[in-house]
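Subject: Structure handover

Hello,

Here is the structure for you to look over. My notes follow below it.

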Amino acid sequence: MIKHPIPPIYDENSTILILGSFPSVKSREEGFFYGHPQNRFWKVTSAVFEEDMPRTIPEKKAFLLRNHIALWDVIGSCDIDGSADSSIRNVSVNDLSVILDHADIKQIYVNGKTAHRYYQKYSEADTGRPAVCLPSTSPANAAWSVERLIIAWSRIR
């Protein structure tokens, strides 16, 4: 069983909540979200907000908070082989009230179908709120170019 090692990023001004499924091996090693250099999350979101791509963890935190984005993952702990979402089992979820009770979240988005599936299965009844599923920024989602992702993700703005 691997426990999620990264605390949520949010403040009282956060209005958007973006949820992934569970951090990759690289993200767990780095101690921050979307740490794999091939993941396009930072490239896509910075393009949507017309900003330079943040590189360091402090820059990434500042970018999120400046743009009123809360960021976390649906899954709080699970068994997983490497970073493969398809291998996730024995799931326990993060308590999203940690964010939802302290920020005026207008919309919840999920990064990809796996996060969406786990959100619908485990979290939607608790939050009482549906999540909008955005195409995954993972390098495994090779069918989506960065340009297509930017267009699809523009709805968060």
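Contact here means heavy atoms within 4.5 Å. By that rule, R40 touches S136, T137, S138, N141, W144, S145, V146 and L149, leaving aside residues up to four places away in sequence.

Before more detail, the ground rules. This is a predicted model: local features need pLDDT of at least 70, side-chain atom pairs count only at pLDDT 80 or more, and totals for chains, interfaces and linings use all residues. Residues are numbered from 1 along each chain as its sequence is written, and side-chain values use heavy atoms, with hydrogens and water left out.

**R40**

R40 lies in the loop between α1 (25–30) and α2 (41–48). Helices (H or I, at least four residues) and strands (E, at least two) are DSSP runs, numbered from the N terminus. Is R40 buried or exposed? R40 is buried. Buried means under 20% relative accessible area, exposed over 50%, and partly exposed in between (1.4 Å probe, protein chains only).

R40 has no salt bridge. That term means a side-chain nitrogen of Lys or Arg within 4 Å of a carboxyl oxygen of Asp or Glu. The nearest side chain of opposite charge is E147, 7.6 Å away. For charge, Lys and Arg count as positive and Asp and Glu as negative; His and the chain ends are not counted. The side chain of R40 does reach the backbone oxygen of W144, at 2.5 Å.

**The parallel sheet**

An open sheet is formed by 4 strands in the order β3-β2-β6-β7, with parallel pairing. Which strands stand at the edges? They are β3 (69–73) and β7 (131–134). Each has a single partner strand, so one side of each is left without a neighbour in the sheet. The twist averages 25 degrees from one strand to the next. Angles run from 0 to 180 degrees between N-to-C directions, and axes are lines fitted to C-alpha atoms, for helices over the stretch in contact.

Two strands pair if DSSP finds at least two bridges between them. β6 (residues 107–111) and β7 pair over 4 bridges. N111 has L134 in β7 as its bridge partner.

**Around β4**

Strand β4 (residues 75–79) is mostly covered, with 5 of its 5 residues buried. β4 pairs antiparallel with β1 (residues 2–3) through 2 bridges. I75 has V93 in β5 as its bridge partner.

**Salt bridges**

How many salt bridges does a search of the whole structure find? There are 5. Three of them follow.

- R157 and E50 meet at 3.9 Å, N to O. This pair links distant parts of the chain, 107 residues apart. R157 is in the segment after α6 (146–153), and E50 is in the loop between α2 and α3 (57–66). R157 is exposed at 54% relative accessible area. E50 is exposed too, at 66%.
- D81 and R89 have their closest N and O atoms 3.5 Å apart. D81 is partly exposed at 46%, and R89 is partly exposed at 38%.
- D104 and K106 have their closest N and O atoms 2.5 Å apart. D104 counts as partly exposed at 46%, whereas K106 counts as exposed at 55%.

Best wishes

Methods:
Polar contact = N/O pair within 3.5 Å; in protein donor to acceptor, adjacent residues only side chain to side chain.
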